[in-house]
Amino acid sequence: MRDLFEEASGKSPLDPEEAVRRTTRGPRRKRFYATAGVVETADGFAVTLDDRPIRTPSGRQVVAPVREIADAISAEWDAQQEIIDPLTMPMTRFANSVVEAVVDRVDAVADDVAKYLGSDLLFYRAGHPEALVAREAAHWDPILFWAADALGAHFILAEGIVHVRQPDSAIAAARAALPTDPWSITALHVVTTLTGSALLALALLRGVLDQDQAWAAAHVDEDWNIEKWGVDEEVAARRTARLVDFRAAAGILKALNPVVG
């Protein structure tokens, strides 16, 4: 069971793309259990296989903070057929990341998210064509206005890719809005790395955007290029894989923070 969790976790527990790459390597394991379930414990809700609690490679028991999350993890295990495919188990990979790598270093993970606030996707704008400029503004400006009004975080925009140093006060204000529980901060980290924007992740957390709006905002430039030049199948496949992990992380945020869309 521990080996299977290790296979599902990925090289970096906070890098969902690396997790996807790793799960495509090596032999698949046969299903070794009859049923998956959930039991309530003093600390939350534990996922079980044939009444045995799931544990991470280091031996830590996986206990979700709310039943909705535990049910989702259990459902992934229950859905496996003769051969277990960790690629289809994003919630399981997520749970392993939280328990193995985040519960003891929440502040460090929050600091890693905060690094994106220095070069967030939303700060760097196209100079042309006008239609793309307008589309970026339509998706991104409301989030920046919200950050200024609701968080007191006033950021600076730039045209092109030349780095612009953001005010320390803006970064600190947005950093203060990050969640402090390990499951939420891990989910926020995943959304941030997948979208390239800590502000989009915070907007999702606070219910300013729903999942579809956040995902669309993260791909404004990519979708523009698709409209002009067509779909690159390899890029599309990577985006589909990232979306699986994005929806899992967004599901975690919604379960723990009901305002999430």
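**Around helix H12: a short tour**

Hi everyone, let's begin with two helices: H8, residues 182-195, and H12, residues 233-256, pack at an angle of about 145°, with their axes 9 Å apart. The way H8 passes H12 is a left-handed crossing. Which residues of H8 meet H12? On the H8 side they are Trp183, Ser184, Ala187, Leu188, Val190, Val191, Leu194 and Thr195. Their partners in H12 are Arg242, Asp245, Phe246, Ala249, Ile252, Leu253 and Leu256. Sorted by class, the contact of H8 with H12 has eleven nonpolar residues, two polar ones and two charged ones.

Before we go on, please keep in mind that this is a predicted model. How confident is the predictor, then? The mean pLDDT of the chain is 89, and 89% of its residues reach 70 or more. Over residues 1-13, though, the pLDDT is below 50. That stretch still has 45 contacts in the model beyond near neighbours in sequence.

Helix H10, residues 211-218, packs with H12 at an angle of about 140°, and the axes of H10 and H12 are 11 Å apart. H10 and H12 are therefore oblique to each other. Here the crossing of H10 past H12 is right-handed. From H10, the contact is made by Gln211, Asp212, Ala214 and Trp215. From H12 come Arg239, Arg242, Leu243, Phe246, Arg247, Ala250 and Gly251. By class, the contact of H10 with H12 has five nonpolar, two polar and four charged residues.

Next on the list is helix H4, residues 90-102, which packs with H12 at an angle of about 60°, with axes 9 Å apart. H4 and H12 make a right-handed crossing. Pro90, Met91, Arg93 and Phe94 in H4 meet Val244, Asp245, Ala248, Ala249 and Ile252 in H12. How many polar residues does the contact of H4 with H12 have? There are no polar residues in it, alongside seven nonpolar and two charged ones.

Now for some strands. E2, residues 36-41, and E3, residues 44-49, pair in the antiparallel sense over six bridges. E2 and E3 form a hairpin with two residues between them.

To finish, here are two details of the backbone. Most residues other than glycine have a negative phi, and most peptide bonds are trans. You will find aspartate 50 in the loop between E3 and strand E4, residues 52-53. The other detail is a cis peptide bond, which joins histidine 128 and proline 129 with an omega of about -10°. Where is proline 129? Proline 129 sits in the loop between strand E7, residues 124-125, and helix H6, residues 130-151.

Conventions
Residues are numbered from 1 along each chain as its sequence is written. This is a predicted model: local features need pLDDT of at least 70, side-chain atom pairs count only at pLDDT 80 or more; totals for chains, interfaces and linings use all residues. Side-chain values use heavy atoms; hydrogens and water are left out. Axes are lines fitted to C-alpha atoms, for helices over the stretch in contact, and angles run from 0 to 180 degrees between N-to-C directions. Helices (H or I, at least four residues) and strands (E, at least two) are DSSP runs, numbered from the N terminus. A crossing is left-handed if the near helix is turned anticlockwise from the far one by less than a right angle, and right-handed if clockwise. Contact means heavy atoms within 4.5 Å. Ala, Val, Leu, Ile, Met, Phe, Trp, Tyr, Cys and Pro count as nonpolar, Asp, Glu, Lys and Arg as charged, and the others, Gly among them, as polar. pLDDT is the predictor's confidence in each residue, from 0 to 100. Angles under 35 degrees count as roughly parallel, over 145 as roughly antiparallel, 65 to 115 as roughly perpendicular and the rest as oblique. Two strands pair if DSSP finds at least two bridges between them.
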